[in-house]
Structures are given as C-alpha cells and as structure tokens.
Amino acid sequence: MRKPETPARETIAPSDLTFGLSTCKRYLWLKYWFKFELKKEFPLVKPLADSQEEHFRRAPLPALHPSLNPGVVKQWGQWVKSAPISINGFETRWRILGIYDLLGHYEDGTVGIIDCKVSDSDRDNGPFYAPQLESYAYALENPEKGKPFPVSSMGLLIWKLAGVTETRQSELAKNSYGFGVNQVYIPVERDSATFMNLLEELISTIEGGMPSPGPECNV
C-alpha cells in the first residue's frame, strides 16, 4: 500500500507508545497515514475513571499517597501538546498530543503526573505504563507554547473493585447498591533515555513502509 504525501495526523498519542508498539505495528502505521481506527468498547471504564478523577480534584497530594510530597492537585483533564520532536539532532514533523488525568503542583515548583485507572489487570505496573506517562512529561517540559513545567514525579492511581456494598436508604433510592474499591498508588520511575529510544522506534515505524502483520495484528 502506497503512503500518501502527508500523514493523516502529525501528533503522537501517548497510549501508542504503550499499546501500539507492543501489539500491532501495522495498525499503528495505518492509523497515522490513513486515520484507520479499530472500534473499542469499554462502556464502564470512562464513567468510573471520571468519578475517580473528580474525587481527587484539589486534593492534597499526600491524601493520594503518604509518599507524595506536600502539594495540591490543581489541574486535571487538560490537553498537552509538545514542540516538534527531535531525534538525533533532527527535528521531525511529529509532536506529542495527549490529555492527562491529574496534575499535582508541589511546593518546590515542580509537578507530578497522576494517571487514574479503574482496573484489575496484571499489566497495571510502572514499567508498562511508563512510556505513556513519560509522553505527558515530555509535552509538559517541552510545550508547543507557554512555559514548561518540570516533572518531578509520575505515578498510577489504581482503583481495584472490592465487592458490592448496600447503600443506606436515606442516601439513595431503595434497593440501590454501590461498589467498594481498594486504592493502590504505584510510583513510576522516570527513564528519559529509554523513552526517547521508544519514541525513535515509533517514528521510524510510522515513517517507513507498511509493516508486516505481527502475531497480535487483526488488520
């Protein structure tokens, strides 16, 4: 399949560094050159994640986890866009564009990225999601416009369902129930060198010819 003269998009989604490279590079290539999208349905994920995010707006950071330094969650659900990405000294056409969940502001002037998840997956760990969080950090520290925000911490705030609880009739309608959750905070270590290598791999994949289908490709 011949590529058009220009790609369908010139911004890289942070999730593609986590899910795209590790699953189907052919889908990734088709997405950026032909705007090809696989239909995904997660009907409960968004409302649950929205509830989690709303719960921690303006919260003190130590309330999320005692290991976090003094500060406050001051921003949430905002888009960030980076300046053009440079690889080996060469400025590419590509920029990072994504939306973070929570951004905490520490007293020392740095910020912390908190990625909210409602899940019980084995891949809910720092190394797996590190590229996605590093993408937000890159865009915050190298913004398309405006002042940069130095990122001093990144982490996953995970809610794992812990069963059903019956609500009081005075609080909600009769016969209504709620879900309890166990909260886990997983710090994610920064590794800019590994991130830039992944970014180079992704851009090389997109800029090359259409990749062969891998074992997990459905396209």
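## Salt bridges and nonpolar cores

Lys 81, Arg 95 and Glu 144 are joined to one another through a network of salt bridges. This is a predicted model, and a search of the whole structure turns up 9 salt bridges. Let us start with some of them and then turn to the nonpolar cores.

Glu 144 counts as partly exposed, at 38% relative accessibility. Arg 95 is partly exposed too, with a relative accessible area of 23%.

Another residue to look for is Arg 190. Which side chain meets Arg 190 in a salt bridge of 3.1 Å, N to O? That partner is Glu 134. The two are 56 residues apart, with Glu 134 in helix 5 and Arg 190 in the loop between strand 10 (177–188) and helix 6 (192–207). Arg 190 also forms a salt bridge with Glu 141, at 2.9 Å from N to O. Here again the pair links distant parts of the chain, since Glu 141 sits in helix 5, 49 residues from Arg 190.

Is Glu 134 buried or exposed? Because its relative accessibility is 2%, and buried means under 20%, Glu 134 counts as buried. Glu 141, by contrast, is partly exposed at 27%, and Arg 190 is partly exposed at 30%.

| Salt bridge | Distance, N to O |
|---|---|
| Glu 134 and Arg 190 | 3.1 Å |
| Glu 141 and Arg 190 | 2.9 Å |

In soluble globular proteins, nonpolar side chains tend to be buried together. The largest nonpolar core here has 36 residues, and those touching the most other members are Ile 12, Ile 85, Ile 113, Leu 199, Leu 202 and Ile 203. At least two residues of this core come from each of helix 2 (25–34), strand 8 (111–118), helix 5, strand 9 and helix 6. Which element gives the most to this core? Helix 5 does, with 8 residues.

Leaving aside residues up to four places away in sequence, Leu 202 touches Ile 12, Asp 16, Leu 17, Leu 21 and Leu 28. There is also a second, separate core of 14 residues, including Ala 59, Trp 76, Leu 102 and Trp 159.

Terms used:
Residues numbered from 1 in each chain as written. Predicted model: local features only at pLDDT ≥ 70, side-chain atom pairs only at ≥ 80, totals over all residues. Heavy atoms only, no water. Salt bridge = Lys/Arg side-chain N within 4 Å of Asp/Glu carboxyl O. Buried < 20%, exposed > 50% of the residue type's maximum accessible area, 1.4 Å probe, protein only. Helix = DSSP H or I, 4+ residues; strand = E, 2+ residues; numbered from the N terminus. Core = buried A, V, L, I, M, F, W, Y, C linked by side-chain atoms within 4.5 Å. Contact = heavy atoms within 4.5 Å.
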